[in-house]
Structures are given as C-alpha cells and as structure tokens.
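The sequence and structure come first.

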Amino acid sequence: MQKRKLVRVLEGESVFPPPVWLMRQAGRYLPEYRATREKAGGFLDLCYNPDLATEVTLQPIRRFGFDAAILFSDILVIPDALDRGLHFVQGEGPKLTPIRPDEIAHLDPSRGETHLSPVIATVGRLRQELPDETTLIGFCGAPWTVATYMIAGHGTPDQAPARLFAYRNPAEMETLLYLLAEMSADYLIRQLQAGADCVQIFDSWAGVLDEASFEAYAVRPVARIVEKVRAAVPGAKIIGFAKGAGTLLNTYREKTGVDAVGLDWSVPVSQAKELQKAGAIQGNLDPLRLIAGGKALEDGVDRILDNLGDGPLIFNLGHGITPEAPITHVEALLDRIRTAKP
C-alpha cells in the first residue's frame with residue numbers, strides 16, 4: 001500500500017493539493033458530535049469511552065473525508081492520571097487542584113499506564129475502522145501548556161500564575177516539566193504502537209514565554225519527548241505546534257527534532273516560506289475566516305496555496321475550529337483546496 005498522503009508530507013514530499021485536516025474537527029459544530037456528547041454524560045466520560053471516542057473521531061471523516069483523523073481526547077489526561085482533580089465546568093472549561101511547589105516531588109506517575117489504557121484502546125479501534133488512506137494522528141499536550149493548567153488550576157489569559165511559579169521556583173518547575181515530558185513520551189509511544197501514523201504535540205501557551213523561558217520550558221521538554229519517542233519508535237513522525245511563538249519558531253524544528261512545525265494564523269507567509277525550506281509546515285488559516293466564509297475564506301485559502309502549496313504543506317487552521325463554524329463553510333473550504341490548480 002502506498003504511504004498515506006499526510007505521512008508523505010511529513011517525510012518532506014510536496015503534494016498538491018495538500019492533505020487537509022482541522023484541529024478540533026470532531027467538535028461542537030457538528031450535530032452528530034453534540035448528540036454523542038450528550039449521550040456520554042461528562043466530557044471525560046467521552047474521552048475515556050473507546051466506543052464513543054472512536055465514534056466522534058470518525059464523524060468528521062465520514063462527513064468530509066479529511067485526509068487525517070486526530071484521536072479524540074484532551075491534553076489534560078496526563079494531569080488527570082496524576083490525580084489532580086480534573087473536572088470540566090459547563091461554560092468555564094477545565095478545573096484542577098492547583099499544585100504547590102512542595103507537592104511536585106511527590107507526584108506519582110505510576111497510575112498513568114492503567115489510567116490511559118482506554119485512550120490507547122481507542123487508537124487501536126480507530127486504525128481498524130478508518131479508511132486505509134486516512135492518516136491517524138495521536139497527540140499530547142506539551143509539558144509547558146499542561147503545567148500552566150496544573151499550576152493555576154484553570155486556564156488564564158496570559159498564564160501569569162505559571163510564569164511567576166517558574167521564576168520563583170525554577171527547580172520545582174524543571175522537575176514538573178521533566179515528569180510531564182517522560183509521561184507524555186510514554187503516552188505517545190503507546191499511541192504509535194497501537195496504530196497512530198504520527199503524533200502532534202500541542203503547546204497552546206508557548207507564545208506567552210520570553211526567549212529564555214521558551215528555550216527552557218517549550219523547547220527542552222519537547223526535545224526530550226521527541227528523543228524518547230524516537231528511541232522506542234525509530235522514525236516516528238512528530239508535529240510540533242507552539243502557538244504564538246512567532247520568530248522563536250525559526251529554530252524550533254532544529255532544536256526539538258520535530259518533523260513538521262504547526263503555524264498559527266499570525267505567522268506571516270514570508271516566515272512560513274522560510275520554515276518550509278527545512279521541511280513540512282502545517283497551517284495556518286485564521287479560524288475566523290472559516291466562520292466568515294465567502295471571499296474572506298477564499299482569499300485565505302488561496303493565499304496559503306499560492307505561496308506555500310509548492311512545498312511540503314499540511315493544510316490546517318491556525319488553531320481549532322470553533323462551534324460557530326458553519327458546516328457549509330467547511331465544505332467550501334475543502335472544495336476550494338481539492339479543486340485548486342498547482
């Protein structure tokens with residue numbers, strides 16, 4: 001069987017039209033997802049139920065035929081495995097028990113393997129049920145982003161609690177990030193061994209870090225994950241998405257070892273073109289263009305294809321699809337990409 005399209009791009013091949021998937025493509029904009037979510041009860045119940053998690057992962061593939069499916073789960077399953085009191089509040093998002101510096105040395109990762117087994121079961125089911133041509137993407141949250149939630153106990157606009165924690169308690173922060181990197185690497189290894197073709201590391205809050213902190217908290221832990229994953233799964237394909245990192249992305253691929261660099265919508269085409277010289281890039285349509293539709297959507301798609309379509313590109317949004325996105329606009333997006341001429 002020929003290698004799946006998205007995997008070929010991760011290996012550096014230029015393919016036109018490029019493979020396309022959307023972050024959060026299994027989500028609240030789909031009526032079938034909302035129905036399954038209601039059936040599941042709580043959000044974590046959905047994440048840990050292989051039957052239902054498989055179903056919602058497959059829903060956008062059935063409807064749109066994306067080139068890749070991404071495992072339905074959440075970046076916070078690692079702190080959940082660490083028994084940090086994770087729960088989701090309607091309209092407010094995730095809540096955890098904020099961690100104190102003196103608690104970090106006592107975190108016990110031994111629950112991880114058993115606790116995360118239902119997610120691994122979902123990966124295995126998906127590889128069996130997906131079309132042969134569809135790439136299966138596993139994922140985890142990057143240690144820095146996961147740590148921000150563990151420290152504040154919830155999401156914050158600028159992650160000031162985690163940044164202050166790091167400045168005041170650098171040794172404890174380093175210990176926490178190392179633990180999260182080790183657990184995350186083990187988690188990704190299991191996903192790859194269960195049937196994932198590649199994995200993505202989501203560093204949603206990398207953009208709040210200054211240069212020195214980015215090196216210490218975004219680059220080094222991800223580099224450790226990549227190193228450990230590749231030691232267990234030689235040649236493993238890994239996408240790194242450091243949202244908001246700006247010019248710090250220029251050396252991110254080299255320093256972390258990821259195969260592809262995910263780009264948010266603020267990354268200029270000129271910078272994206274430079275990054276593409278070293279390998280695959282992924283992105284970076286503004287999610288609001290998808291909501292707007294019409295000329296705004298067409299112009300955004302065309303700009304990416306015209307400037308980046310001749311190199312290794314995975315077409316995606318610059319962040320996750322939102323509940324407000326009309327299904328007809330997703331269909332228009334895919335039609336625009338699939339009928340484009342090189």
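Both Phe214 and Tyr252 are buried, where buried means under 20% relative accessible area, exposed over 50% and partly exposed in between, with a 1.4 Å probe and protein chains only. The model is predicted: local features need pLDDT of at least 70 and side-chain atom pairs count only at pLDDT 80 or more, while totals for chains, interfaces and linings use all residues. Residues are numbered from 1 along each chain as its sequence is written, and side-chain values use heavy atoms, with hydrogens and water left out.

**Aromatic pairs**

Rings of Phe, Tyr and Trp (its six-membered ring) pair if their centres lie within 6.5 Å; planes under 30 degrees apart count as stacked, over 60 as edge-to-face and the rest as tilted. Nine aromatic pairs turn up in a search of the whole structure. One of them joins Phe202 and Phe241, whose ring centres are 6.3 Å apart with planes at 85°, so this pair is edge-to-face. Phe202 belongs to strand S5 (residues 198-203) and Phe241 to strand S6 (residues 237-242), so the pair ties together parts that are 39 residues apart in sequence. Helices (H or I, at least four residues) and strands (E, at least two) are DSSP runs, numbered from the N terminus. Phe202 is buried, at a relative accessible area of 12%, and Phe241 is buried at 1%.

The rings of Phe214 and Tyr252 have centres 6.1 Å apart and planes at 45°, so that pair is tilted. Phe214 sits in helix H11 (residues 211-232) and Tyr252 in helix H12 (residues 252-256), so the pair links parts that are 38 residues apart in sequence. One aromatic cluster is formed by Tyr33, Phe43, Phe72 and Phe88.

**Cysteines**

A disulfide is a covalent bond between the sulfur atoms of two cysteines. Counted as a pair of cysteine sulfur atoms within 2.5 Å, disulfides number zero here. The sulfur of Cys47 has its closest cysteine sulfur in Cys140, 15 Å away, too far for a bond. Cys140 is in no disulfide either, with the nearest cysteine sulfur, that of Cys198, 13 Å away.

**Pro18**

Pro18 is placed in the loop between helix H1 (5-10) and helix H2 (31-40). Its C-alpha atom is 6.0 Å from that of Leu313, 295 residues apart along the chain. Not counting residues up to four places away in sequence, Pro18 touches Lys5, Asp67, Leu305, Leu313, Phe315 and Ile337; contact means heavy atoms within 4.5 Å.

| Residue | Relative accessibility | Class |
|---|---|---|
| Cys47 | 0% | buried |
| Cys140 | 2% | buried |
| Pro18 | 2% | buried |
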